[in-house]
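Here is a short briefing on one protein chain. Please look over the sequence and the structure before reading the points that follow.

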Amino acid sequence: MVIPIGIENDTMFEAYPFKVEDFIKDCKDSYGVPPRPHWVTSYYGGHDIKLILNRFGSNIIFSNGLRDPYSSGGVLENISDSILAIKTTNGSHCLDILGRKSSDPDWLVEQRKIEINIITKWITQYYADLASLKII
């Protein structure tokens, strides 16, 4: 699987800028197998994530900590009124869904409050819709 992310520091990730030709050569040299750069989108879809989510998605929060190298491949802008992107400069992968700690920085506490408020509104609307249909 090819994840075309390059970083400007000494990590396990590819160097910036990411060069697919170098990645393919490294895989062939190291493992004797060429990667398939487009396999993920061909198999799972996602060639136009905004189009797909606009047609078939709702009530999704894409949380991105911009310190996470994978954030460059994430959804960084709102797609609709109910498909939202929340970005934090200092965040990293899944930090907002880890358990609360007394040492959590203020920006993380605030991000979690925002996410909880959004989800609370969705749930409240859901039950209001059910009540209006006299289902509950």
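At 18% relative accessibility, Phe 18 counts as buried, where buried means under 20% relative accessible area, exposed over 50% and partly exposed in between (1.4 Å probe, protein chains only). This is a predicted model, in which local features need pLDDT of at least 70, side-chain atom pairs count only at pLDDT 80 or more, and totals for chains, interfaces and linings use all residues. Residues are numbered from 1 along each chain as its sequence is written, and side-chain values use heavy atoms, with hydrogens and water left out.

**Aromatic pairs**

- The whole structure holds 2 aromatic pairs. Rings of Phe, Tyr and Trp (its six-membered ring) pair if their centres lie within 6.5 Å; planes under 30 degrees apart count as stacked, over 60 as edge-to-face and the rest as tilted.
- Phe 18 pairs with Phe 23 in a tilted arrangement, 5.6 Å centre to centre and 45° between the planes. Phe 23 is buried, at 14% relative accessible area.
- Tyr 126 and Tyr 127 pair edge-to-face, with 5.2 Å between centres and 75° between the planes. Tyr 126 is partly exposed at 48%. Tyr 127 is partly exposed at 46%.

**Domains and core**

- The domain assignment, which is automatic or taken from a database, gives domain 1 (1–44) and domain 2 (58–134). Their C-alpha centres lie 30 Å apart.
- The largest nonpolar core has 5 residues: Leu 53, Val 75, Ile 79, Ile 83 and Ala 85. Such a core is a set of buried Ala, Val, Leu, Ile, Met, Phe, Trp, Tyr and Cys residues joined through side-chain atoms within 4.5 Å.
- In soluble globular proteins, nonpolar side chains tend to be buried together.
- Ile 79 touches Lys 50, Leu 53 and Asn 54, leaving aside residues up to four places away in sequence. Contact here means heavy atoms within 4.5 Å.

**Arg 112**

- Arg 112 sits in helix α4 (residues 106–132). Helices (H or I, at least four residues) and strands (E, at least two) are DSSP runs, numbered from the N terminus.
- Arg 112 is buried, at 13% relative accessibility.
- Its side chain makes a polar contact of 2.5 Å with that of Asp 104. A polar contact is a pair of N or O atoms within 3.5 Å; within protein, one must be able to donate a hydrogen and the other to accept it, and residues adjacent in sequence count only if both atoms are side-chain atoms.
- Beyond residues up to four places away in sequence, Arg 112 touches Leu 95, Asp 96, Leu 98, Gly 99, Arg 100 and Asp 104.

**Ser 80**

- Ser 80 lies in the loop between β3 (60–65) and β4 (83–88). Ser 80 is partly exposed at 25%.
- The Ser 80 side chain reaches the backbone nitrogen of Ser 82 at 3.2 Å. The Ser 80 side chain also reaches the backbone nitrogen of Ile 83, at 3.2 Å.
- Ser 80 and Val 109 are 29 residues apart along the chain, and their C-alpha atoms are separated by 25 Å.

**Positive phi and cysteines**

- Asn 59 is not a glycine, yet has a positive phi of about 55°. Asn 59 lies in the loop between α3 (49–56) and β3, and is partly exposed at 41%.
- Cys 94, also not a glycine, has a positive phi of about 65°. Cys 94 is in the loop between β4 and α4, and is partly exposed at 35%.
- Cys 27 is buried at 14%.
- The whole structure has 0 disulfides, a disulfide being a pair of cysteine sulfur atoms within 2.5 Å.
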